[in-house]
Amino acid sequence: MADTIFQLRSLPFFSTHHHHYACRHSRSRIMASSSTSPSLKMTHDGCPKNKIPHVLSVAGSDSGAGAGIQADMKACGAAGVYCSTVLTAVTAQNTVGVQGVHLVPEEFVALQLISVLSDMNVDVVKTGILPSIGTIRVLCEKLKEFPVRALVVDPVMVSTSGDLLASPATMSTYLEELLPMTDIVTPNLKEASAMLGDVKELQTLDDMRSAAKAIHSMGSRYVLIKGGHLKDSADAVDLFFDGERFHELHGPYIDSQNTHGTGCTLASYIAAELAKGCSMLQAVQEAKNFIGKVIVHSKYMVIGSGQQGPLDHLFHLKNHSSGMIKKRFNSDNLLLYAVTDSVMNKKWGRSIVDAVKSAIEGGATIIQLREKEAETRYFLEMAIACMEICRSRDIMLLINDRIDIALACDAHGVHIGQFDMPVMKVRNLLGPSKVIGVSCKTPEQAHQAWMDGADYIGCGGVFSTTTKENNRTIGLEGLKTVCSTSKLPVVAIGGINGSNARSVMEINDPNLKGVAVVSALFDRESILEETHHLKSLLLHS
Ligand SMILES: Nc1ncnc2c1ncn2[C@@H]1O[C@H](COP(=O)(O)OP(=O)(O)OP(=O)(O)O)[C@@H](O)[C@H]1O
Ligand SMILES: Cc1ncc(CO)c(N)n1
Ligand SMILES: [Mg+2]
């Protein structure tokens with residue numbers, strides 16, 4: 001197949017200067033503790049601009065996404081570091097093995113390197129598959145032209161399944177041209193042995209020590225030999241050598257099939273920690289700690305029929321307690337929105353938990369816990385108990401205002417007011433899958449809530465109410481105005497009860513999905529009956 005390489009002359013790097021990191025290309029780049037100093041320019045909205053730590057992965061693609069650039073991106077993501085990618089090869093790969101390798105032409109590797117290095121403030125470069133002598137040379141050349149703070153080399157030669165990923169002829173170029181520029185090289189036992197001419201199989205820690213010394217003398221400033229495959233060891237021991245001293249990094253050996261890409265992950269995590277400003281030893285320790293956790297969390301994941309399953313790098317973003325697959329917010333759930341009130345519960349001698357149970361039994365479609373006075377410890381206990389009920393009944397539970405409680409009880413989301421924590425901040429803390437509702441009185445506020453990524457808005461007070469002091473009433477007219485322009489589903493709130501709920505729903509705006517009620521359910525003798533009554537009213541309006 002003919003390789004077609006387009007180089008668009010209008011790319012921005014032809015007009016930029018690469019002045020950052022000038023003169024960093026010395027042997028003392030990574031010291032005991034270096035640190036990136038973010039440039040604190042202010043934006044027009046008053047937020048400081050931060051430079052995000054940045055790792056460039058120069059590696060191959062793994063179609064199965066367990067190793068290669070896909071693993072690198074996920075590992076960097078898990079470390080909170082930006083990862084750009086220059087592809088050197090594309091592999092057809094799965095849990096069984098490598099079905100094919102297609103090389104990216106060297107000229108195009110060069111072009112990708114220039115694009116990223118000339119423009120994007122790369123801190124650290126990490127390499128994976130460097131499949132040809134030409135690719136290695138191009139990389140060395142571009143790194144001299146655009147120096148970075150550190151170079152992490154994972155000398156990928158053979159995949160765990162035993163398939164060749166780079167030509168053996170590349171070895172001498174690796175050793176002679178790339179290694180002298182390398183800050184840390186991370187061979188596994190086989191790769192370390194190959195780097196030393198394959199004269200001896202590495203079987204013991206002592207073998208690893210002498211190999212580390214020999215590899216260090218070939219030019220890499222630090223050496224990490226991975227003992228993940230060391231025979232007869234209950235430990236997964238890696239050996240770190242800084243040129244003077246050895247450090248053994250111990251971790252329990254985890255019996256799992258899902259270890260494909262552990263090498264890529266480890267090297268990328270080291271690169272990510274270096275980009276954040278860690279010292280080399282710290283970076284290696286953090287990475288080892290991370291890889292152990294990932295392997296444990298990925299143990300029971302089933303993807304593919306082969307012997308080499310991938311890792312689940314972003315496990316910490318998941319909400320394990322509420323199941324792997326998130327329940328999506330459905331605005332129909334807003335139909336009968338029950339908001340608890342502890343003062344009323346106290347008055348009627350009920351626990352929050354019993355009140356919630358009755359409301360759900362009566363037909364409430366979503367629950368919000370609103371506790372203005374409760375002590376944190378008590379509130380959390382109640383919230384956890386309510387969460388259990390809601391989960392078993394498949395009803396969402398939101399927490400009013402208290403992001404900490406919502407996080408601690410793994411609630412489905414929160415409801416916040418105009419003076420509570422800003423929506424964007426809440427979204428940052430809760431993650432993308434939680435529900436965020438915002439109280440709004442005006443179309444402007446509703447628009448802002450939508451812009452900020454809220455899921456629904458609560459609009460009111462529609463009628464006057466006793467549960468909220470000093471709350472301006474907007475009336476049915478105000479509700480109509482907000483609904484007519486809102487891009488988010490709306491639930492009406494404020495003094496709504498069995499005798500006026502119909503008039504609310506009769507404004508007949510498709511954005512109005514239901515009513516939120518406090519007193520009309522909870523300040524009554526029987527929560528169950530009141531909820532049931534209101535529900536049938538709503539269903540028939
Ligand atoms: N089963 C395991 N349990 C615990 N730690 C492990 C296990 N397998 C590998 N490791 C650790 O994971 C890291 C990567 O080491 P490994 O020897 O697997 O790299 P590799 O052979 O280059 O992997 P890859 O399959 O990505 O090429 C090391 O820190 C190693 O100790
Ligand atoms: C693309 C790619 N890079 C690295 C490795 C080493 O695990 C692999 N199997 N595939
Ligand atoms: Mg490897």
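These are my notebook entries on a predicted model of one protein.

**Entry 1: confidence**

I began with pLDDT. The protein has a mean pLDDT of 88, and 88% of its residues reach 70 or more.

I noted a general point here: strands of a sheet pair through backbone hydrogen bonds, either parallel or antiparallel. Next I took some of the strand pairs in turn. Strand 6 (residues 184-185) and strand 7 run parallel and are joined by 2 bridges. In this pair, Ile184 stands opposite Tyr222 of strand 7. Strand 7 (residues 222-226) and strand 8 run antiparallel, with 4 bridges between them. Strand 8 also pairs with strand 9 (residues 246-249), in the antiparallel sense and over 4 bridges.

I then looked at how strand 8 turns into strand 9. The two form a hairpin with 4 residues between them. Gly243 is in the turn and has a positive phi of about 105°.

**Entry 2: Phe241**

I stayed with strand 8 (residues 238-241) and checked where its side chains point. Asp238 and Phe240 point one way, Leu239 and Phe241 point the other way, and all are buried. For Phe241, I noted a relative accessible area of 3%. Val223 stands opposite Phe241, and in strand 9 the bridge partner of Phe241 is Phe246.

The structure holds 5 aromatic pairs. How are the rings of Phe241 and Phe246 arranged? Their centres are 4.4 Å apart and their planes are at 25°, so I wrote the pair down as stacked. The cut-off behind this is that planes under 30 degrees apart count as stacked. Is Phe246 buried or partly exposed? Its relative accessibility is 27%, so Phe246 counts as partly exposed, whereas Phe241 is buried.

**Entry 3: other rings**

I looked for a ring cluster and found that ring pairs link Phe329, Tyr337 and Tyr456. I also looked up Trp450. The charged end of Lys487 sits over the ring of Trp450, 4.5 Å from the ring centre.

In strand 4 I picked out Thr127. Thr127 is buried, with a relative accessible area of 0%. What does Thr127 touch beyond four places away in sequence? I listed Val58, Leu139, Leu151, Val152, Val153 and Asp154.

**Entry 4: strand 14**

Why do I call strand 14 (residues 435-440) largely enclosed by the rest of the structure? I found 5 of its 6 residues buried, so the description holds. His415 has Gly437 in strand 14 as its bridge partner.

**Entry 5: backbone angles in loops**

I ended with some backbone angles. Gly460 and Gly461 are joined by a cis peptide bond, with omega about -5°. Gly461 lies in the loop between strand 15 (456-460) and helix 15 (475-485).

Asp401 has a positive phi, near 70°, although this residue is not a glycine. I placed Asp401 in the loop between strand 12 (396-400) and helix 12 (403-409). With a relative accessible area of 28%, Asp401 is partly exposed.

Asn508 is another residue other than glycine with a positive phi, near 60°. Asn508 lies in the loop between helix 16 (501-505) and strand 17 (512-517). Is Asn508 buried or exposed? At 67% relative accessibility, I counted Asn508 as exposed.

Definitions and conventions. Residues are numbered from 1 along each chain as its sequence is written. Chains are lettered from A and ligands numbered from 1 in the order in which they are written. This is a predicted model: local features need pLDDT of at least 70, side-chain atom pairs count only at pLDDT 80 or more; totals for chains, interfaces and linings use all residues. Side-chain values use heavy atoms; hydrogens and water are left out. Rings of Phe, Tyr and Trp (its six-membered ring) pair if their centres lie within 6.5 Å; planes under 30 degrees apart count as stacked, over 60 as edge-to-face and the rest as tilted. Buried means under 20% relative accessible area, exposed over 50%, partly exposed in between (1.4 Å probe, protein chains only). A charge sits over a ring if NZ of Lys or CZ of Arg is within 6 Å of the ring centre and within 35 degrees of the ring normal. Two strands pair if DSSP finds at least two bridges between them. pLDDT is the predictor's confidence in each residue, from 0 to 100. Contact means heavy atoms within 4.5 Å.
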